[in-house]
Amino acid sequence: MASFKSNRNFGAALLGGLALLSMLATHAEAQQQPSGFAVERLYQSAPGGGWFVMDDLNINGGLGGAISFSSGYAHNPVVISDGKDHLSLVTQQAFIDIGGAVTYKRFRGYLNLPTPILSTGTNGTLGPYQFTAPSVTLGTTPDTLSDSRIGFDVRLFGEPRSLLRLGAGAQLIIPSGERADYVTDARYRGMFRFLAAGDAGALSYAGQLGVHIRPLNDAPAPGSPNGNEFLYGISGGRRFALSSNWTAIAGPEIYGETAFNSFFSGETGTEALLTGRFEKTGTGRNLRLKVGLGHALVQNFGAAQWRVVFGVEVFGHK
């Protein structure tokens, strides 16, 4: 009898252990690990383009060019939610970007080389997903490029400083870096934009509509982008004469993107950036200094809770 009881206890313990292992295996299988995506959604205009995101389309003259340097910091660019809980997956990101452009008459070709210098966040679980935050610093990933851009723009209508200028642009985004660092999609991507700009006295404006060809869809994971996107943006500012050669322009830029398959629903991110820039223009070599302070209007997948960005451009033409 004692032996039967002992065997029965052993059998019950064995069954309990197998059930526990099965539950743990099911739980481990349920904890899916998203791969990450390109968080940075400050798609800057070409070197020499004037605004941070919009393009003033003041391409003119003979052979010329521009060299640019920019850097920025974004706070809480990715805060995800399952409806009940929230997770600050990417709490801070910073980058530097070096670019160069060649211009001729109404045409511009350019290259941008962005480098992430900081990307950190908070690990956590939402539903069946286990999120691992990025951990990028200058010490751990020095001199790493992420998603370099090759672009081409053309002014199709209007003259520099005219009331209305129309143009078009295309970019090829070359993947580099690691998806787990939230600095790349690890896919070749393309952007096609219709551009508009103009000047009316002391007022300047610019706008864009475009398509972001993004062959990656992680929509089931909370907070992840959802395939191809529609791009939009507008800016406007007032010009102030500081001296015979120096002027200042101040005004807002509003820009964002929305997934085509959920047009302006949950898969939308929009930011407003208050931009100020100082320009030395005239014959020969010109200089532009830019600074911007931004805030998310609709915070999704890269629209930062707040950001600061600055840039320097040297440009000119024969």
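This is a short tour of the structure above, stop by stop.

**Before you start**

The model is predicted, and local features are described only at pLDDT of at least 70, side-chain atom pairs only at pLDDT 80 or more, while totals for chains, interfaces and linings use all residues. Residues are numbered from 1 along each chain as its sequence is written, and side-chain values use heavy atoms, with hydrogens and water left out.

**The whole chain**

Begin with a cartoon view of the protein, which has 1 helix and 15 strands. These are DSSP runs numbered from the N terminus: helices are H or I with at least four residues, strands are E with at least two. Of the 318 residues, 48% count as buried. Buried means under 20% relative accessible area, exposed over 50%, and partly exposed in between, with a 1.4 Å probe and protein chains only. Among contacts (heavy atoms within 4.5 Å) with a separation of 6 or more, 63% join residues 24 or more positions apart.

**First stop: ring pairs**

A pair of aromatic rings is described by the distance of the centres and the angle of the planes. Here rings of Phe, Tyr and Trp (its six-membered ring) pair if their centres lie within 6.5 Å; planes under 30 degrees apart are stacked, over 60 edge-to-face, and the rest tilted. The protein has 6 aromatic pairs by this rule. Select Y73 and W306, a tilted pair with 5.5 Å between centres and 50 degrees between planes. Y73 belongs to strand 1 (residues 64-81) and W306 to strand 15 (residues 306-317), so this pair ties together parts 233 residues apart in sequence. Y73 is partly exposed at 21% relative accessibility, and W306 is also partly exposed, at 37%.

Next, pick F107 and F152, which are stacked at 6.2 Å centre to centre, with 25 degrees between the planes. Their pairing ties together parts 45 residues apart in sequence, because F107 is in strand 3 (residues 107-120) and F152 in strand 7 (residues 148-157). Then select F230, Y232 and F260, a cluster linked by ring pairs.

**Second stop: charges over rings**

A charge sits over a ring if NZ of Lys or CZ of Arg is within 6 Å of the ring centre and within 35 degrees of the ring normal. Show R277, found over the face of W51 at 4.6 Å from the ring centre. Then show K290, whose charged end is over the ring of F52, 4.8 Å from its centre.

Is E253 buried or exposed? Its relative accessible area is 0%, so E253 is buried. E253 lies in strand 12 (residues 246-259), and beyond neighbours within four places in sequence its contacts include W51, F52 and E271. Polar contacts are pairs of N or O atoms within 3.5 Å; within protein, one must be able to donate a hydrogen and the other to accept it, and residues adjacent in sequence count only if both atoms are side-chain atoms. The E253 side chain reaches the backbone nitrogen of M54 at 3.1 Å and makes a 2.8 Å polar contact with the side chain of T275.

**Last stop: D185**

Finally, select D185, in the loop between strand 8 (165-174) and strand 9 (189-200). D185 counts as buried, at 1% relative accessibility. Its side chain reaches the backbone nitrogen of A38 at 2.8 Å, and a polar contact of 2.9 Å joins it to the side chain of R214.
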